[in-house]
2 protein chains.
Amino acid sequence: MIRVSIEDVAAKAGVSVPTVSRVISHSSHPVSDTTRQKVLQAVAALDYRPDISAQGLRSSFTNIVALITRDISDPYFGEIARGVTETANKYGILSFVCNTGRNPENEIEYHELLWQYRVKGIILGGGGLTLDSYKKELSSQVERYRKNGNKVVALAPQGLDMDYVMIDNRAAGECITNYLIQKGHEKIAYISGPQNVYTALERLEGYRLAMGRHGLDNGDLMIAYSDNSWKGGYEAVKALLECSPEFTGICCGNDNIAMGVFRALKEHGLTVPGNVSVISIGDLPNASYADTPLTTLRVPLYELGSKAVEIIMGSDTNKYNANIIFRTALRERDSVSRLK
Amino acid sequence: MIRVSIEDVAAKAGVSVPTVSRVISHSSHPVSDTTRQKVLQAVAALDYRPDISAQGLRSSFTNIVALITRDISDPYFGEIARGVTETANKYGILSFVCNTGRNPENEIEYHELLWQYRVKGIILGGGGLTLDSYKKELSSQVERYRKNGNKVVALAPQGLDMDYVMIDNRAAGECITNYLIQKGHEKIAYISGPQNVYTALERLEGYRLAMGRHGLDNGDLMIAYSDNSWKGGYEAVKALLECSPEFTGICCGNDNIAMGVFRALKEHGLTVPGNVSVISIGDLPNASYADTPLTTLRVPLYELGSKAVEIIMGSDTNKYNANIIFRTALRERDSVSRLK
DNA sequence: CATAATAAGGAAAACGATTTCCTTATTATG
DNA sequence: CATAATAAGGAAATCGTTTTCCTTATTATG
């Protein structure tokens, strides 16, 4: 017998098929303790596991969660994905990781697939759709999920009414900017993520706020955009050095950008933190092993992914009750120095 | 009508349900061209997509491929995962990414889950099982897959008889070592990946071979093991510098190790490539933006993952016909200098 | 031309679970 | 004590496909 089915378990336990189903799926239909024990023993003896396809077909949900991200090979999303997959695994279920590659059309297509696969929950990790297209295209998808009973959780503000798990990105941008200001810096540049990514814009907004509050915003803030990669950070700083090289500090939208910034500064003969202080947001696992150990604001990426799965698995209501803001914490290392 | 089923399509096309099934699942049962067109039009008109659960239940395979890796947040595996997910997506199917976190027990548990989910194909990307435990535990799993008709492809030599897609790791280790030797280095250390990872050992073997062939192996080769991470590379070099600091070149098992090596050397006041030359295997996307642009042997990670999916999707035979060795290519950048 | 082989399609069974509905025994309620 | 409510379990329907089996019309074959 290569596949053991619920029928085999029922036969072995000497009960009917529905009774087995009630035990293993934690149904509300009552089952006596003695019967339950018999079933559980049979399950253990046969090493039975319910067939996901059959379950999905009848109950209209498969025990699968899906994570939508821009790029799985970016450790930033990798950490989130790790939190998602490992937590899903703890629940005994599997997870899809969907890569949009920053292409909004892919995200729409993924939603079609996820619908087709009857996944239980969807985690919107930032597929790359801009706010506007989200509101048009995605909202109908989300509406469909909601009507159908699928659980949708966002890891980034989507401008849509739904459960979310995230950090306060504006506060994060403010925090790292304030830190440089406290250290005596006034000429502070900001290398942001893409202009169509909500998270990036919020962090940038925090920088603007902090600079303004300290009277440092004279309408000539040094801001460059990148694609959240090493390369992007490198190129942004190169460009910045061409036109306005007078900064003493750089705030980076995330750790990847900071790594590229290091490289660009080194090429120009500038040292960190000797000539320029660098700070960023993320605290990826390797931040302390960077060329100069990176001072950065820790974002609990793993925990974000993990919590999102818990929301999907734990809550059986349709109410939007999970709005969780995770705390961040500044990790002071060696990439920032006091000015003068 | 929230979900459109095959019955709706059949009704719209004016044919029977099995006929629709034959068209969409490319059955060998003949269907006339006119009928086929009618069906395809109805499918398009209703935006119909077959239900994966129903398909899986009846046909005993779900259109899902699974990738087993050690750590998805490591860009090395991230690149492979990207190749897998994007290629799967091209085929209109989804993929599971399974993270063992270097814990062999997890890999066994994953195989149970994958069996339960009736996945079509499994890609063994190196879950962290040592060769011995593989031969004992995994071989029975693989045997079960094979009997059942699932397709299994390995990305690393597993010591088992199965399809594989990989690079010649021994040649890779040899290649980078030879390169340093050609550049005049003789005191060359090697920082390897873990001792229970087949790939790592093969690369190390290549180093030993190259050193021996050039009469550089006097039984005192400087070898340290790490866990393939920045941190691991950092700590391995720190340890090496304590006992035998006389090397002028370091070969690294992969790019992550090299990044940690950079950091450790810098802490000791050693420059790259001024005091020490560093070379590695991998060529991750950020290798050219490292502190010193990294000379490294390119491994086509994305292509490895991509090809594995193509094997799963393309071949319907049970024969082990796909044994593909991908080519590598040395990327000369700035981390190696000629000695004297 | 008679007959076998093939093409084209449909009816019904099957996959393995969950769900609905029903029955019987037990407990609560006035 | 009679009756309603609940507990506990089983029979059968169901989910949406694929597969098997069957029928009929058409084409090949000697």
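Here are some friendly notes on this predicted model, point by point.

1. **Ground rules.** Since you will be reading residue labels, note that residues are numbered from 1 along each chain as its sequence is written, and that chains are lettered from A and ligands numbered from 1 in the order in which they are written. In this predicted model, local features need pLDDT of at least 70, side-chain atom pairs count only at pLDDT 80 or more, and totals for chains, interfaces and linings use all residues, while side-chain values use heavy atoms, with hydrogens and water left out.

2. **Around DNA strand D.** There are 29 residues around DNA strand D, and A:S16, A:R22, A:H29, A:T35 and B:S21 come nearest (near means that a heavy atom of the residue lies within 4 Å of the strand). By type, the residues of this surface are 12 nonpolar, 10 polar and seven charged (Ala, Val, Leu, Ile, Met, Phe, Trp, Tyr, Cys and Pro count as nonpolar, Asp, Glu, Lys and Arg as charged, and the others, Gly among them, as polar).

3. **Contacts to bases.** Polar side-chain atoms lie 2.6 Å from a base oxygen of DNA strand D for A:R22, 2.5 Å from a base nitrogen for A:H29, and 3.3 Å from a base oxygen for B:R22 (a polar contact is a pair of N or O atoms within 3.5 Å). The elements giving two or more residues to this surface are α2 (17–24) and α4 (52–59) of chain A, plus α2 (17–24) and α4 (52–59) of chain B (helices are DSSP runs of H or I, at least four residues, and strands are runs of E, at least two, numbered from the N terminus). The most comes from α4(B), with five residues.

4. **How the chains relate.** Chain A can be laid on chain B with an RMSD of 0.0 Å by a turn of 180° and a shift of 0.0 Å along the axis (superposed by least squares on C-alpha atoms of residues with pLDDT of at least 70 in both). That is the relation of a two-fold axis.

5. **A covered strand.** In chain B, six of the six residues of strand β2 (residues 94–99) are buried (under 20% relative accessible area, with a 1.4 Å probe and protein chains only). B:L94, B:F96 and B:C98 point one way from β2(B), and B:S95, B:V97 and B:N99 the other way.

Definitions and conventions: A polar contact is a pair of N or O atoms within 3.5 Å; within protein, one must be able to donate a hydrogen and the other to accept it, and residues adjacent in sequence count only if both atoms are side-chain atoms. Buried means under 20% relative accessible area, exposed over 50%, partly exposed in between (1.4 Å probe, protein chains only).
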